[in-house]
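Morning, everyone. Please have the sequence and the 3D view ready, and follow along as I go.

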Amino acid sequence: MTQDELKALVGRAALQHVVPGSVVGVGTGSTVNHFIDALATMKDRIAGAVSSSVASTERLRRYGIPVFDSQDVQGLPVYVDGADEIDGRGHMIKGGGAALTREKIVADLAERFVCIADESKLVKTLGAYPLPVEVIAMAAAQVARRFAEQGGSATLRPGVLTDNGHPILDVRGLVIADPVALEAEVNQWPGVVTVGIFARHRADVCLLGTPSGVRTIDF
Ligand code: 5RP
């Protein structure tokens with residue numbers, strides 16, 4: 001199976017976690033695009049979605065799925081999203097698609113985070129994938145220097161501004177032994193909008209696409 005077929009497999013499998021009649025939290029990325037395609041087959045059985053990006057909103061609306069503003073809902077039973085890396089405890093690196101800030105906001109509204117990913121995303125220790133960090137532009141060099149002190153090499157993602165109008169730093173060379181601690185620390189650095197470590201709010205379950213089927217990992 002190709003990587004895209006594995007993504008489609010878990011995108012469809014995530015439908016089992018959608019609560020009928022509810023508003024669904026929807027992430028961003030190529031795996032989530034498959035989830036949205038699958039969600040369209042049950043669009044008459046959900047109230048709608050809260051989306052984490054302009055791209056996902058457009059895809060949901062093309063299917064006629066109502067998209068609610070995150071400020072108009074008080075909570076969501078489930079948030080479904082992909083990951084760039086996920087470890088054995090459900091901690092993730094996210095933001096490869098530059099949607100990390102809105103993803104963290106919508107995920108925080110949800111009771112359960114359902115991560116959908118192909119098997120290449122499962123790692124022992126986070127950090128081989130460059131860590132995305134959304135920053136206020138004037139702080140980019142300062143934040144990059146702080147990462148250098150931690151052994152990381154941060155570069156601006158060329159030609160990319162987030163849906164919020166900010167640049168992204170990609171940080172290479174980190175071995176993230178304690179994701180909860182690093183997330184908390186980087187969150188305090190002036191100019192950081194969002195760090196792409198999802199550890200304080202980690203996945204509750206991961207649907208991992210493998211050639212022999214969907215492997216469910218509960219955390
Ligand atoms: C977007 C994300 C995505 O979930 C992550 O990059 C995985 O993407 P894909 O499903 O395309 O592999 O965090 O900001």
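A residue counts as buried when its relative accessible area is under 20%. Keep that cut-off in mind. Keep in mind, too, that this is a predicted model.

Start with Asp 87. Is it buried or exposed? Its relative accessible area is 2%, so Asp 87 is buried. Find it in the loop between strand 5, residues 85-86, and strand 6, residues 92-93. What does Asp 87 touch, once we leave aside neighbours within four places in sequence? The contacts are Leu 122, Val 123, Lys 124, Leu 126, Pro 179 and Phe 219.

Asp 118 lies in strand 7, which runs over residues 110-118. Asp 118 has a relative accessibility of 2%, so it counts as buried. Which side chain makes a polar contact with the side chain of Asp 118? That is Gln 3, at 3.2 Å. Beyond four places in sequence, Asp 118 is in contact with Gln 3, Leu 6, Lys 7, Leu 208 and Gly 209.

That takes us to helix 1. Helix 1 covers residues 3-13, and its buried residues are Leu 6, Lys 7, Ala 8, Leu 9, Val 10, Gly 11 and Ala 13. What do they pack against? Helix 2, strand 7, strand 13 at 205-210 and strand 14 at 213-218. A reminder about helices in general: an α-helix has 3.6 residues a turn, so residues three or four places apart point the same way.

Next, helix 1 against helix 2. Their axes are 8 Å apart, and the packing angle is about 45°. So helix 1 is oblique to helix 2. The crossing of these two, helix 1 and helix 2, is right-handed. From helix 1, the contact uses Asp 4, Lys 7, Ala 8, Val 10, Gly 11 and Arg 12. From helix 2, it uses Ser 30, Thr 31, His 34, Phe 35 and Ala 38. Sort the residues of this helix 1 and helix 2 contact by class, and you get four nonpolar, four polar and three charged.

Helix 2 has another partner. Helix 2, residues 30-39, and helix 3, residues 54-62, have axes that come within 10 Å and cross at roughly 20°. Helix 2 brings Val 32, Asn 33, Ile 36, Asp 37 and Leu 39 to the contact, and helix 3 brings Ser 56, Arg 59 and Leu 60. In the contact of helix 2 with helix 3, the classes are four nonpolar, two polar and two charged.

Follow the chain past helix 2. Ile 46 sits in the loop between helix 2 and strand 2, residues 48-51. With 9% relative accessibility, Ile 46 counts as buried. Not counting residues up to four places away in sequence, Ile 46 touches Val 18, Gly 21, Ser 22, Val 24, Leu 39 and Ile 65.

Last stop: Ala 98. Ala 98 is in the loop between strand 6 and helix 4, residues 100-109. Its phi is positive, about 70°, although Ala 98 is not a glycine. At 12% relative accessibility, Ala 98 counts as buried.

Thanks, and over to you for questions.

Technical notes:
Residues are numbered from 1 along each chain as its sequence is written. This is a predicted model: local features need pLDDT of at least 70, side-chain atom pairs count only at pLDDT 80 or more; totals for chains, interfaces and linings use all residues. Side-chain values use heavy atoms; hydrogens and water are left out. Helices (H or I, at least four residues) and strands (E, at least two) are DSSP runs, numbered from the N terminus. Buried means under 20% relative accessible area, exposed over 50%, partly exposed in between (1.4 Å probe, protein chains only). A polar contact is a pair of N or O atoms within 3.5 Å; within protein, one must be able to donate a hydrogen and the other to accept it, and residues adjacent in sequence count only if both atoms are side-chain atoms. Contact means heavy atoms within 4.5 Å. Axes are lines fitted to C-alpha atoms, for helices over the stretch in contact, and angles run from 0 to 180 degrees between N-to-C directions. Ala, Val, Leu, Ile, Met, Phe, Trp, Tyr, Cys and Pro count as nonpolar, Asp, Glu, Lys and Arg as charged, and the others, Gly among them, as polar. Angles under 35 degrees count as roughly parallel, over 145 as roughly antiparallel, 65 to 115 as roughly perpendicular and the rest as oblique. A crossing is left-handed if the near helix is turned anticlockwise from the far one by less than a right angle, and right-handed if clockwise.
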